[in-house]
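Welcome to this short briefing. Have the structure open beside you, and we will walk through it topic by topic.

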Amino acid sequence: MSAPRRPLPAWAEIAALPLINIALAFVTVGIIVRIIGVDPFHALRFLVLGAIGSSEAIGYTLYYTTNFIFTGLAVAVAFHAGLFNIGGEGQAYIGGLGCGLAILAFDHFLPAWAMIPLAIAAATLFGAAWAAVPAWLQAWRGSHIVITTIMFNFVASALMVYLMVNVLIAPGSMTPQSRNFTASGKLPSMQEVLAAVGIQVAPSALNLSIVLAVFCCVGVWVFLWHTPWGYELRTMGHNPEAAVYAGTSIKRTTMLAMCLSGALAGFVGVNELMGVHQRIVLDFPAGYGFAGIAVALMGRSHPLGIVLAALLFGALQQGGAELAFEIPAITREMVVVIQGLIILFSGALAHLPRPWLQWMLALFASPRSGEVPAKRAEG
Amino acid sequence: MDDVLSFVFLMFAATLRVATPLVLCAMGGLFSEKSGIVDVGLEGKMLMAAFFAAATAAVTGSAWLGVAAAIVAAEAMALLHGFACITWRGNQVVSGVAINILAAGLTVVLGAAWFARGGQTPALESEQRLMPLFFPRAGDSIPVYVALASVPLTWWIIERTRFGLRLRAVGEMPLAVDAAGISVAWLRYRAVLLCGLFAGLAGAYLSIAQNAGFSRDMTAGQGFIALAAIIFGKWRPFPAFGACLIFGLLDAVAIRLQGVEMPGMGEVPVQLIQALPYLLTMFLLAGFIGRAVAPKAAGVPYEKEH
């Protein structure tokens, strides 16, 4: 396995290889489903129907997709800077805290048009701040960002439990959750928005956050590929030494990338708390931060790829819930298994199908032309 | 006086009990990290092992078959990690994260399908578990002693054997090891397998010694605390063991302090004590308490030059 990696044609690199990776993940899932004693195709039918079989199902699929877009973008922005942000979970959690605190403080005085932007700003600010500490530690003190962001997930979780149990809990409530937000702290649901323009859809958790998600995608794309800061960020990711030579400040760019990453993760709080729960609850990030790694890997860290990957993950999340309902032998955690396998096959084992693909290409291409370098000097 | 003695003894026993999986995991992780393979997946390995230990013990009625199954399960995960990181030179952190997520999902999926108890395994009878040997109140089951013995053993292997010397070399400068005609991949595979062995024992301890069965996410971050202990111990066995004991003591204290008023400062938030291992490790990593230097080649896949 020590032969150097040879490049593939662009189409194979961008489309074929990722698709084969995902296919491998799904074949493995099929085997696991088989082991449990369920017909994989039978399960797949329920999964697809559950995800896109009705207006309500599509609504929920898109609602889950929204979260995956936010965390996928968060991981991707850090990836482009050569940083691995495993802290999306904690940043989403603290982002939600910021969002909730802003609403709890002002929702009695402010109208919705002022409250909503303020809460969103608070969510991004808190998310960014939570990512800024590991970023600072990496940039100035040289601590490894993978470890520090992992640690910060646990610290965020402990902090939230403390705050919810001791400080923010609604008076008289038995469960650790805050008081309900008033109407001005509620993000309109997609059903209401579409009904206003005369389109009838079934009620679901889908809310205006999905529009924010689309804006974030465009924003990240413009930022990364069409601004000098994005250029510096990507340069640092490709080659930090070259970036330094070109005059980029590694410290500043690390801070920028991580704060942006944390802010994007913070949007999960907006979707969950303002869009759905309408109060601060425990454990609302529910693994979206980790799933963001899978989304970013699968989407090759490009906003368009991330949207496609997030759609798939959203469909899996919603379809998986329906599947668990229809076939009791399968639980919702099957979706978590799929996420893990996608991270494995699209991430750690991404190059597994490469030699095989190369062999196939060489087989098809060599009789006609000599453009594929069939043989390279070995050794 | 007797009260004080028995309190100290019970506190000590509680610390040791909580620290056992941390120690085992940390020693396993040390082998892996020393060889240059970063292991974020300790948590997942331990969880997988805990599930298979409890499931096997419940089905066969034998605790020792449970331990064997735990080791096999953890080794399977370890081999997967090795296959991805050594053979295919994949990103070690990505592979570790994948193993954690896979284990979190798979244990519940399989548990629910096999036992239909929402991801839990049936409660184990005492003959299906590893019971305390000498002090029933202290919970001194065999893995506790194994954990205590594993520390000098790990030190001896890493510091005093030829294998250990090569292990350290491959974590610092694989090129030199390769040039000496020793297989980098095989050395690293052995390290990863040792890591799986210890993580498997740690998982078995959790589900069939400390508890009577598996429940979802029962590792609850202990794999990461073990990772923190490795860093806190600056990648050396005895200091890492010390860190595990400190973290174990913190946990034991946290349970004791629940709802207790401390003189002068009111009630200490339990969550703060629970977050302390992570916060302390961050302080250390930031260079505020000495310097923690990882093996130089950790996290870098080795590519033979051509």
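This is a predicted model: local features need pLDDT of at least 70, side-chain atom pairs count only at pLDDT 80 or more; totals for chains, interfaces and linings use all residues.

- Is α6(A) mostly covered or mostly open? Helix α6(A) is mostly covered, with 18 of its 23 residues buried.
- Chain A gives 41 residues to the contact, and chain B gives 38 residues.
- On the side of chain A that touches chain B, the elements giving two or more residues are α5 (112-141), α6 (145-167), α12 (288-298) and α14 (334-348) of chain A.
- Helix α6(A) supplies the largest share of that side, eleven residues.
- By class, the side of chain A that touches chain B has 29 nonpolar, ten polar and two charged residues.

**Helices α13 and α14 of chain A**

- The axis of α13(A), residues 303-326, comes within 9 Å of the axis of α14(A), and the two cross at roughly 150°.
- Angles over 145 degrees count as roughly antiparallel, so α13(A) is roughly antiparallel to α14(A).
- Helix α13(A) brings L316(A), Q317(A) and G320(A) to this contact, while α14(A) brings M334(A), V335(A) and I338(A).
- Four of the residues in the contact of α13(A) with α14(A) are nonpolar, two are polar and none is charged.

**Helices α8 and α11 of chain A**

- Helix α8(A), residues 209-226, packs against helix α11(A), residues 250-277, at an angle of about 165°, and their axes are 10 Å apart.
- That angle makes α8(A) roughly antiparallel to α11(A).
- The crossing of α8(A) past α11(A) is right-handed.
- Which residues make the contact? From α8(A) they are S209(A), L212(A) and C216(A), and from α11(A) they are L264(A), F267(A), V270(A), N271(A) and G275(A).
- The contact of α8(A) with α11(A) holds five nonpolar and three polar residues, with no charged ones.

**V93(B) and its helix**

- V93(B) belongs to helix α4 (residues 92-115) of chain B.
- Is V93(B) buried or exposed? V93(B) counts as buried because it has 23 C-beta neighbours inside 10 Å, and the cut-off for buried is 20 or more.
- Apart from residues up to four places away in sequence, V93(B) touches F84(A) and V146(A) as well as V38(B) and V40(B).
- From V93(B) to G233(B) there are 140 residues along the chain, and their C-alpha atoms are separated by 21 Å.
- The 24 residues of α4(B) should span 34 Å at 1.5 Å a residue, and the end C-alpha atoms are 33 Å apart, which agrees.
- Helix α4(B) is mostly covered, since 22 of its 24 residues are buried.

**F52(B)**

- F52(B) sits in helix α2 (residues 42-60) of chain B.
- With 28 other C-beta atoms within 10 Å, F52(B) is buried.
- Setting aside neighbours within four places in sequence, F52(B) is in contact with A69(B), A70(B) and A73(B).
- C-alpha to C-alpha, F52(B) and L65(B) are 9.8 Å apart in space, and they are 13 residues apart in sequence.

**Positive phi in loops**

- Most residues other than glycine have a negative phi.
- D283(A), a residue other than glycine, has a positive phi near 60°.
- The place of D283(A) is the loop between α11 and α12 of chain A.
- D283(A) is exposed, because it has 12 other C-beta atoms within 10 Å and 12 or fewer counts as exposed.
- A220(B) is not a glycine either, yet it has a positive phi of about 45°.
- A220(B) is in the loop between α8 (184-210) and α9 (222-232) of chain B.
- With 14 other C-beta atoms within 10 Å, A220(B) is partly exposed.

Terms used:
Residues are numbered from 1 along each chain as its sequence is written. Chains are lettered from A and ligands numbered from 1 in the order in which they are written. Two residues are in contact if their C-beta atoms, placed from the backbone, lie within 7 Å. Helices (H or I, at least four residues) and strands (E, at least two) are DSSP runs, numbered from the N terminus. Ala, Val, Leu, Ile, Met, Phe, Trp, Tyr, Cys and Pro count as nonpolar, Asp, Glu, Lys and Arg as charged, and the others, Gly among them, as polar. Axes are lines fitted to C-alpha atoms, for helices over the stretch in contact, and angles run from 0 to 180 degrees between N-to-C directions. Angles under 35 degrees count as roughly parallel, over 145 as roughly antiparallel, 65 to 115 as roughly perpendicular and the rest as oblique. A crossing is left-handed if the near helix is turned anticlockwise from the far one by less than a right angle, and right-handed if clockwise. The expected span of a helix is 1.5 Å times one less than its number of residues.
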